[in-house]
Amino acid sequence: MSPDDLREQYERIKAEVGPSVTVVVATKYVPVDGMQALAAAGIEVVGENRAQDLEAKHARYGDSFRWHFIGHLQSRKAKTVNELCELCHSLASESAARRLTIPALVEVNLSGEPTKSGIPPEDLPRLLDLYGDVRGLMTMPPASDDPEASRPYFRRLRELAEEHGLRELSMGTSQDYRVAVEEGATYVRVGSVLYGHALGTVPRT
């Protein structure tokens, strides 16, 4: 996919979600060299899942993007995230909270799936007391081919954020970002809907 095609897709998604929603382009499966096409296409915000990949990509393209961390945050990797990112979407442990120093979203596991990261909703007050710079919440609904299946989870996350006076909501990936926006998302994390197989397909992003 050419930078012009990428730019066209990116601008279409931005227009679709509106100016109040930040489009975070997930780069988990984008190789370091593939980041050049994203830069040429005018992508503004990228989200990386792994600290080691974040370091490698930032070393070459640090000034080309605003960097977010969207993967599971290990406390020992917090230093790297602090140094390179403006926002962490996935704060989910007390140990990470003690080492993180940048604005964060708390990842909430609303489905109760043991394979998913995130804290149960009832643990949110404790983490909010522990970390002073929480801007909002993030969640990943169960995988489904039907975008509407995600709606109850997005709605619950919005309600949870409102209960605690939090404004930012990171929710919605390539297959359900439209529903997420309808339910109040302020960040959507997209990958495959933007570049498909051209730079590497990102499952459920």
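Colleague: How far is the sulfur of C85 from the closest cysteine sulfur?
Modeller: In this predicted model, the closest cysteine sulfur to that of C85 belongs to C88. The gap is too far for a bond, and its value is 7.6 Å.

Colleague: At which pLDDT do side-chain atom pairs count in this model?
Modeller: Residues are numbered from 1 along each chain as its sequence is written, and side-chain values use heavy atoms, with hydrogens and water left out. The model is predicted, totals for chains, interfaces and linings use all residues, local features need pLDDT of at least 70, and side-chain atom pairs count only at pLDDT 80 or more.

Colleague: How many disulfides does the structure hold?
Modeller: A disulfide is a covalent bond between the sulfur atoms of two cysteines. Here the two sulfur atoms must lie within 2.5 Å. The sulfur of C85 is 7.6 Å from that of C88, too far for a bond. The number of disulfides in the structure is zero.

Colleague: Is C88 buried or exposed?
Modeller: The scale is relative accessible area: buried is under 20%, exposed over 50%, and partly exposed in between (1.4 Å probe, protein chains only). C85 has 8% and is buried. C88 has 0%, so C88 also counts as buried.

Colleague: Which geometry does the pair of F65 and W67 have?
Modeller: A search of the whole structure finds one aromatic pair. Rings of Phe, Tyr and Trp (its six-membered ring) pair if their centres lie within 6.5 Å, with planes under 30 degrees apart counted as stacked, over 60 as edge-to-face and the rest as tilted. F65 is buried at 7% relative accessible area, and W67 is buried at 3%. Their ring centres are 5.6 Å apart and their planes stand at 90 degrees, so the pair is edge-to-face.

Colleague: Which residues have the most contacts inside the largest nonpolar core?
Modeller: A nonpolar core is a set of buried Ala, Val, Leu, Ile, Met, Phe, Trp, Tyr and Cys residues joined through side-chain atoms within 4.5 Å. The largest has 56 residues. Apart from that core lies another, of eight residues, including A26 and L105. In the largest core, the residues with the most contacts are L91, L100 and L137.

Colleague: Which hand does the β-α-β crossover from β5 to β6 have?
Modeller: A crossover is right-handed if, with the strands pointing away from the viewer, the path from the first strand over the helix to the second runs clockwise. The unit of β4, helix α5 (residues 94-99) and β5 is right-handed. From β5 the chain goes through helix α6 (residues 124-130) to β6, and this crossover is right-handed.

Colleague: Which residue of β8 is the bridge partner of V25?
Modeller: Four of the five residues of β1 (residues 22-26) are buried, so this strand is largely enclosed by the rest of the structure. β1 pairs with β2 (residues 45-48) over three bridges in the parallel sense. β1 is also joined by four bridges to β8 (residues 187-190), again in parallel. In β8, the partner of V25 is V190.

Colleague: What is the relative accessible area of T27?
Modeller: T27 lies in the loop between β1 and α2. Among the residues T27 touches, beyond four places in sequence, are M35, K57 and Y195. T27 is buried, and its relative accessible area is 0%.

Definitions and conventions:
Helices (H or I, at least four residues) and strands (E, at least two) are DSSP runs, numbered from the N terminus. Two strands pair if DSSP finds at least two bridges between them. Contact means heavy atoms within 4.5 Å.
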